[in-house]
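Please read this briefing with the sequence and the model side by side. The notes after the structure are grouped by topic, so that each can be followed on its own.

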Amino acid sequence: MFETMEMEIKEKVSRMSSEVFPLYIFKYLVIIKDKKRGLQTMGKLKKSAQVVQDSLLAKGYDNEVIELADSTRTAKEAAEALGCKVAQIAKSIVFKLKESDNALLVIASGSNRINEKHLGQLIGETLGKADAEFVKEKTGFAIGGVSPVIQDATIKVIIDEDLLQYEDIWGAAGHPKAVFQMTPVQLIELTDGEVLNIKG
């Protein structure tokens, strides 16, 4: 079926001007590719998701940001939409460090709970709750879409050691429905994060 759709699109594209061609290809061929791998996507990226895509490209990575038709706000939702294990979801959780008022980004396996007391002892600060305004101010993203690819290099990043056991993992990409696939090594490179036991 998808092969037939591609043939029809190519025939239509051949009759289009060069000005229309890029938009048409972006809207349809990308969707076909995602359907082939079992994902229902939305096509053109939203602004916040495009920021993540542009950042990845600027850093030399060709990982593709996609927007799913269903929400990926929780690790369970993301895993169901992507057809992977919950543990392969690299969920981003922001804390406000009480002593310094700085932000801490913890990237945890979707199946794990963060032991805040244990992690605080490891880094020498007390982990406090970060409200929506603080998260947006520090990371540039809203809660539910915080990406590991952040612009503020001063934010300390901790990576759950359990994520390293998987060949591929998925992280948020700036919007509750946007995600991108990466390897654990790429996650470490992109964030310059410290790998720790977050469960205690």
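**Briefing on the predicted model**

Asp 192 counts as exposed, because its relative accessibility is 72%, and exposed means over 50%. The residue is placed in the loop between α7 (184-191) and β8 (194-196), and its phi is positive, about 55°, although Asp 192 is not a glycine. The structure shown here is a predicted model, and the points below go from the whole protein to single elements and residues.

**Overall picture and confidence**

- The secondary structure of the protein comes to 7 helices and 8 strands, and of its 200 residues 45% are buried.
- Among the contacts in the protein with a separation of 6 or more, 64% are between residues 24 or more positions apart.
- The protein exposes about 11,000 Å², and carbon and sulfur atoms supply 50% of that area.
- The average pLDDT of the protein is 84, and 78% of the residues score at least 70.

**Strand pairing**

- Strand β2 (89-97) pairs with strand β6 (residues 169-172) in the parallel sense, over 2 bridges, and the bridge partner that Ile 89 has in β6 is Trp 170.
- Strand β6 also pairs with strand β7 (residues 178-182), here in the antiparallel sense and over 4 bridges, with Phe 180 in β7 as the bridge partner of Gly 171.
- The two strands β6 and β7 form a hairpin that has 5 residues between them, and in its turn Gly 174 has a positive phi of about 90°.

- Helix α5 spans residues 116-123, and within the helix His 118, Leu 119 and Gly 120 are buried.
- His 118, which is found in helix α5, is buried because its relative accessible area is 18%, and buried means under 20%.
- Leaving aside neighbours within four places in sequence, His 118 is in contact with Asn 197, Ile 198, Lys 199 and Gly 200.
- Gly 124 follows α5, and the phi of Gly 124 is positive, near 80°.

**Asn 112, a buried loop residue**

- Asn 112 is found in the loop between β3 and α5, and with a relative accessibility of 8% this residue counts as buried.
- Not counting residues up to four places away in sequence, Asn 112 touches Lys 91, Asp 160, Asp 162, Ile 198 and Lys 199.
- With one of these residues, Asp 160, the side chain of Asn 112 is joined by a polar contact of 2.7 Å.
- Asp 162 lies 50 residues from Asn 112 along the chain, while the C-alpha atoms of Asn 112 and Asp 162 are separated by 8.6 Å.
- Ile 198 and Lys 199 are among the residues that Asn 112 touches, and both are also among the contacts of His 118.

- Most residues other than glycine have a negative phi.
- Asp 101 has a positive phi of about 65° although this residue is not a glycine, and a positive phi is likewise found at Asp 192.
- The place of Asp 101 is in the loop between β2 and β3 (103-109), where this residue is partly exposed, with a relative accessible area of 44%.

**Glu 137 in helix α6**

- Glu 137 lies in helix α6, which covers residues 132-139, and this residue is exposed, given its relative accessible area of 59%.
- Between Glu 137 and Ala 103 there are 9.9 Å in space, C-alpha to C-alpha, although the two residues are 34 residues apart in sequence.

Definitions and conventions:
Residues are numbered from 1 along each chain as its sequence is written. Side-chain values use heavy atoms; hydrogens and water are left out. Buried means under 20% relative accessible area, exposed over 50%, partly exposed in between (1.4 Å probe, protein chains only). pLDDT is the predictor's confidence in each residue, from 0 to 100. Two strands pair if DSSP finds at least two bridges between them. Contact means heavy atoms within 4.5 Å. Accessible areas come from the Shrake-Rupley method with a 1.4 Å probe; for residues, only the protein chains shown count as cover. A polar contact is a pair of N or O atoms within 3.5 Å; within protein, one must be able to donate a hydrogen and the other to accept it, and residues adjacent in sequence count only if both atoms are side-chain atoms.
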